[in-house]
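Visitor: I would like to learn how to read pockets, ring pairs and backbone angles in a model. Could you take me through them in turn?

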Amino acid sequence: MSVSKKVLIHRWFEEVWNKKNEAVIEEVMDPEALIYGLSQDPTRAIRGPNEFRPFWRAFVTAFPDLQIAVESTVAEDDKVVARCAVRGTHSGEGLGFPPTGKRVHMNGIVIANVRDGRIIEAWNSFDFMTLYLQLGIMKLPGAESNG
């Protein structure tokens, strides 16, 4: 049982994110799935594939060469946890500001609840602050300037 959840989460990142196969979103995500950590409002979940697609499209458009490596997984009961490394080049539109051409690397963790071979709930914690620092659109208070 645990192995099938690990296979599912690997498939999610490989097919949906690395291969940009939008059709797999519908196959792997339940229509009523609640996805936390990807909306503008941290208290609001994205519901199902229809609300997830705009986030996904914006991100894969902004980072056309995006690759997400699942570095480790843990599965227990109805949950699977994946620790991921995200890499890509900001060479496209999609984030609300012009492409910077910068390479980025950030880490993240997803905790997903799975039922009947589909994700029904997911909690995402990706280091978007590091992403924005690498893109140069944000600076930490008191950090030295390299320019």
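Guide: What follows takes each feature in turn, and it should be kept in mind that this is a predicted model.

Visitor: Which helix or strand gives the most to the lining of the largest pocket, and how does the lining divide by class?

Guide: The largest contribution comes from α3, with four residues, while α3 (48–62), β6 (118–126) and α4 (128–135) each supply at least two residues of that lining. Sorted by class, the lining of the largest pocket holds 11 nonpolar, six polar and two charged residues.

Visitor: Turning to the rings, how many aromatic pairs does a search of the whole structure find?

Guide: The search finds nine aromatic pairs. One of them joins W17 and F59 in an edge-to-face arrangement, with 6.2 Å centre to centre and 85 degrees between the planes. This pair links distant parts of the chain, since W17 belongs to helix α1 (residues 2–18) and F59 to helix α3, 42 residues apart.

Visitor: Are W17 and F59 buried or exposed, and with which other ring does F59 pair?

Guide: Both W17 and F59 are buried. F59 also pairs with F63 in a tilted arrangement, at 5.2 Å centre to centre and with 40 degrees between the planes. F59 counts as buried because its relative accessible area is 8%, under the 20% cut-off, and F63 is likewise buried, at 1%. Ring pairs link W12, W17, F52, F55, F59, F63 and F128 into a cluster.

Visitor: Finally, the backbone: where is K20 found, and what is its phi?

Guide: K20, which is not a glycine, has a positive phi of about 60 degrees, and it sits in the loop between α1 and α2 (23–28). K20 counts as partly exposed because its relative accessibility is 24%, which falls between the cut-offs of 20% and 50%.

Visitor: And what is the phi of D77, and is D77 buried or exposed?

Guide: D77, also a residue other than glycine, has a positive phi near 50 degrees, and it is found in the loop between β3 (67–76) and β4 (79–89). D77 is exposed, because its relative accessible area of 63% is over the 50% cut-off.

Technical notes: Residues numbered from 1 in each chain as written. Predicted model: local features only at pLDDT ≥ 70, side-chain atom pairs only at ≥ 80, totals over all residues. Heavy atoms only, no water. Nonpolar A, V, L, I, M, F, W, Y, C, P; charged D, E, K, R; others polar. Phe/Tyr/Trp six-rings, centres within 6.5 Å; stacked < 30°, edge-to-face > 60°. Buried < 20%, exposed > 50% of the residue type's maximum accessible area, 1.4 Å probe, protein only.
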